Amino acid sequence: MVTKQFTGSPEDADLRRADSLAREIFSDVANKWAFLIIETLGERTLRFSELRNEVEGVSHKMLTQNLRMLERYGLVERKVYPTVPPRVEYTLTEPGQGLRATVDGMCDWTHQYLGDIEAARRRFDI
């Protein structure tokens, strides 16, 4: 599927349309690794290895892919320092901080309703 270039029209933000740019963004950004990266970066800058250590279970490949995707959408800034070996740091941009507020809300929702969800899963799995 080829998505549209952003033109500022309402169709670009309509998640119901298959060719919506908003749907492409939502599909890419709404995954567990992206959410965990955004939450972990929070209000601080981290190096790749620090980020990998803090996001438990993420592989080198998945972290790299998600950081590139988040950088492509302007949610994460990658800064390379000309040292040997090169030092690379990642930080959230202003739009990334805005998305972090949504991620924080989802984390709060999960904590609030975790007991209800676990009970429903137990009833369903019987």
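Reply: **The hairpin and its surroundings**

Strand β2 (residues 76-81) runs antiparallel to β3, and six bridges join the two. Helices (H or I, at least four residues) and strands (E, at least two) are DSSP runs, numbered from the N terminus. Strands pair if DSSP finds at least two bridges between them. This is a predicted model: local features need pLDDT of at least 70, side-chain atom pairs count only at pLDDT 80 or more, and totals for chains, interfaces and linings use all residues. Residues are numbered from 1 along each chain as its sequence is written, and side-chain values use heavy atoms, with hydrogens and water left out.

β2 and β3 make a hairpin, with five residues between them. Two bridge partners can be picked out. Glu77 has Thr91 as its partner in β3. Lys79 has Glu89. Arg87 lies over the face of Tyr81, 3.9 Å from the ring centre. A charge sits over a ring if NZ of Lys or CZ of Arg is within 6 Å of the ring centre and within 35 degrees of the ring normal. Arg72 does likewise with Tyr73, at 5.4 Å from the ring centre.

Thr93 sits in it, between β3 and α5. Its relative accessibility is 18%, so Thr93 counts as buried. Buried means under 20% relative accessible area, exposed over 50%, and partly exposed in between (1.4 Å probe, protein chains only). Thr93 touches Gly74, Leu75, Val76 and Glu77, leaving out residues up to four places away in sequence. Contact here means heavy atoms within 4.5 Å. A polar atom of the Thr93 side chain lies 2.5 Å from the backbone oxygen of Gly74.

Glu71 belongs to helix α4. It is partly exposed, at 34% relative accessible area. Not counting residues up to four places away in sequence, Glu71 touches Val76 and Arg78. Ala18 is 53 residues from Glu71 in sequence, and 24 Å from it in space, C-alpha to C-alpha.

Leu67 also reaches Val76. Its contacts, not counting residues up to four places away in sequence, are Ile37, Phe48, Leu51, Val76 and Tyr90. The largest nonpolar core has 23 residues, and Leu41, Leu51, Leu67 and Leu70 touch the most other members. At least two residues of this core come from each of α2 (32-41), α3 (48-54), α4 (60-72), β3 (87-92) and α5 (94-124). α2 gives the most, five residues. A nonpolar core is a set of buried Ala, Val, Leu, Ile, Met, Phe, Trp, Tyr and Cys residues joined through side-chain atoms within 4.5 Å. In soluble globular proteins, nonpolar side chains tend to be buried together.

Last, helix α5. A search of the whole structure finds one aromatic pair. Trp109 and Tyr113 form it, tilted, 6.1 Å centre to centre with 45° between the planes. Rings of Phe, Tyr and Trp (its six-membered ring) pair if their centres lie within 6.5 Å; planes under 30 degrees apart count as stacked, over 60 as edge-to-face and the rest as tilted. The two residues are four apart in α5, so about one helical turn separates Trp109 from Tyr113. Trp109 is partly exposed at 48% relative accessibility. Tyr113 is partly exposed at 33%.

Conventions
A polar contact is a pair of N or O atoms within 3.5 Å; within protein, one must be able to donate a hydrogen and the other to accept it, and residues adjacent in sequence count only if both atoms are side-chain atoms.
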